[in-house]
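This report sets out the strand order, helix packing and selected local features of the structure shown below.

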Amino acid sequence: MRLCAGGGAFEAIPRPRLELNLAEVKLRLEAAGFSVVDARVMLLLKRGSEATLSRDGRILIKTRDPEEARRILDDLVGRLGLPPPAGP
Amino acid sequence: MRGVMLMSGGIDSPVALSLMLRQGHEMVAVHMDNRPFTDDSPFAKVTDHLALLRARHGQPIPLYLLPHGPTQVTLMRTTDRHVGCVLCRRFMWRAAERIAEREGASVLVTGEALGQVASQTLSNMRSATAVVRLPIVRPLIGMDKHEIEAMAKELGTYGISIRPGVCCQAVPDRPATRSSLVQIDRQESKLDVDGIVDEVVRRATVL
């Protein structure tokens with residue numbers, strides 16, 4: 001997980017890239033209380049902080065608080081069974 | 001002359017606006033609100049840029065805030081991502097022109113400079129602006145990044161522009177640097193273009 005280029009969010013990029021079924025992911029996250037907008041190539045998520053989840057598994061979390069970002073990232077990764085992202 | 005200035009929160013647009021104001025033109029600002037594909041920072045930067053320039057030039061510079069996020073969702077769902085940035089810009093131009101009509105403005109102004117980002121190649125600018133009839137003024141078109149940054153620092157807008165923020169999440173991995181009008185028109189034929197623009201303008205907020 002690292003700060004994004006604009007410095008206003010944290011992003012996690014899986015290696016190798018994934019190929020997620022976003023329709024299925026949407027249902028699972030909605031069941032967990034997330035508000036989800038399906039933009040075809042990414043999901044726009046909101047439950048507290050906002051986040052985006054791309055089809056290739058990239059996650060961007062809109063907070064400048066690294067602890068909050070880590071908490072949200074771990075929650076999403078665990079919930080969706082994604083491989084744990086590398087780095088701090 | 002009365003003009004409509006597209007303001008992004010970046011480094012270039014306040015410099016371009018200041019040049020227009022310095023020549024005595026009466027300006028109206030438009031900000032396309034790209035949330036949730038960004039965060040609150042672009043809007044905050046635009047309001048801070050305008051506060052500074054209003055004080056400096058003694059002009060009221062009304063700000064129109066137009067929702068652009070729903071348009072982006074529609075574009076992502078319906079059209080080829082490769083040309084997403086050009087399609088996005090076309091909707092910005094259309095909305096800005098509608099605001100110009102409402103405000104009695106005769107010109108549209110942007111901070112574009114050639115080649116800075118994918119959307120600012122000549123072919124993409126042509127594809128993006130083919131949808132508007134009003135003349136477009138680009139005061140920074142031939143300047144390089146360093147010149148523009150130096151002017152922004154002198155104005156005091158640079159520090160606002162470089163505050164942290166979320167880059168646009170709707171930008172595709174490989175945005176087209178060349179686009180043809182045939183290709184763009186084919187993509188837009190899948191959309192209710194007038195309906196989208198009507199809704200954006202209907203939901204405008206003036207600040």
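Axes are lines fitted to C-alpha atoms, for helices over the stretch in contact, and angles run from 0 to 180 degrees between N-to-C directions. The structure treated here is a predicted model.

## Packing of H1 and H6 in chain B

In chain B, the axes of helix H1 (residues 12-22) and helix H6 (residues 145-155) come within 9 Å of each other and cross at roughly 70°. Angles of 65 to 115 degrees count as roughly perpendicular, and H1(B) is therefore roughly perpendicular to H6(B). On the H1(B) side the contact involves B:Asp12, B:Pro14, B:Val15 and B:Ser18, which meet B:Ile148, B:Met151, B:Ala152 and B:Leu155 of H6(B). Classified by residue type, this contact of H1(B) with H6(B) has six nonpolar, one polar and one charged residues.

The buried residues of H6(B) are B:Ile148, B:Met151 and B:Ala152. Because they cover an arc of only 100° around the axis, they fall on the same side of H6(B). An α-helix has 3.6 residues a turn, so residues three or four places apart point the same way. The face turned away from the buried side of H6(B) carries the exposed residues B:His146 and B:Glu154.

The cover over the buried residues of H6(B) includes H1 and helix H7 (158-161) of chain B. Just after H6(B), B:Gly156 adopts a positive phi of about 95°.

## The sheet of chain B

Chain B has an open sheet of six strands, in the order E5-E4-E1-E2-E3-E6 and with mixed pairing. Strand E5 (136-137) and strand E6 (205-206) of chain B are at the edges; each has a single partner strand, so one side of each is left without a neighbour in the sheet. Strand E2 (residues 26-33) and strand E3 (residues 63-67) of chain B pair in the parallel sense over five bridges, and B:Met32 stands opposite B:Leu66 in E3(B). H1(B) packs on this sheet and touches strand E1 (2-6), E2 and strand E4 (107-109) of chain B, with a direction at about 170° to that of E1(B). Helix H2 (residues 41-57) of chain B also packs on the sheet, touching E2 and E3 of chain B, and its direction makes about 170° with that of E2(B).

E1(B) and E2(B) run parallel and are joined by five bridges; B:Arg2 has B:Glu26 in E2(B) as its bridge partner. Four of the five residues of E1(B) are buried, so this strand is largely enclosed by the rest of the structure. In strand E4 of chain B is B:Leu108. With 24 other C-beta atoms within 10 Å, B:Leu108 is buried. Leaving aside residues up to four places away in sequence, B:Leu108 touches B:Gly3, B:Val4, B:Ala96, B:Glu97, B:Ala100, B:Val132, B:Leu134 and B:Ile136.

## The sheet of chain A

In chain A, six strands form an open sheet in the order E1-E2-E6-E5-E4-E3, and the pairing is antiparallel. E3(A) and strand E4 (residues 42-47) of chain A run antiparallel and are joined by four bridges; A:Ser35 stands opposite A:Lys46 in E4(A).

Helix H1 (residues 22-31) of chain A lies across E3, E4 and strand E5 (49-54) of chain A and runs at about 165° to E3(A). Helix H2 (residues 66-80) of chain A lies across strand E2 (10-12), E5 and strand E6 (59-61) of chain A, at about 145° to E6(A).

## Contact between the chains

Twelve residues of chain B are in contact with 16 residues of chain A. Helix H3 (residues 69-78) of chain B supplies the largest share of the chain B side, three residues. By class, the side of chain B that touches chain A has six nonpolar, three polar and three charged residues.

## Backbone features in loops

The peptide bond from A:Arg15 to A:Pro16 is cis, with omega near -5°, and A:Pro16 is in the loop between E2 and H1 of chain A. In chain B, the bond from B:Arg35 to B:Pro36 is cis, with omega near 10°; B:Pro36 is in the loop between E2 and H2 of chain B.

A:Arg40, in the loop between E3 and E4 of chain A, has a positive phi of about 70° although it is not a glycine. This residue, A:Arg40, counts as partly exposed, with 15 C-beta neighbours inside 10 Å. B:Ile61, in the loop between H2 and E3 of chain B, has a positive phi near 40° and is likewise a residue other than glycine. B:Ile61 counts as partly exposed, with 18 C-beta neighbours inside 10 Å.

Notes:
Residues numbered from 1 in each chain as written. Chains lettered and ligands numbered in written order. Predicted model: local features only at pLDDT ≥ 70, side-chain atom pairs only at ≥ 80, totals over all residues. Helix = DSSP H or I, 4+ residues; strand = E, 2+ residues; numbered from the N terminus. Parallel < 35°, antiparallel > 145°, perpendicular 65-115°, else oblique. Contact = placed C-beta atoms within 7 Å. Nonpolar A, V, L, I, M, F, W, Y, C, P; charged D, E, K, R; others polar. Pairing = 2+ DSSP bridges. Buried ≥ 20, exposed ≤ 12 C-beta atoms within 10 Å, placed from the backbone. Arc of directions from axis to C-beta.
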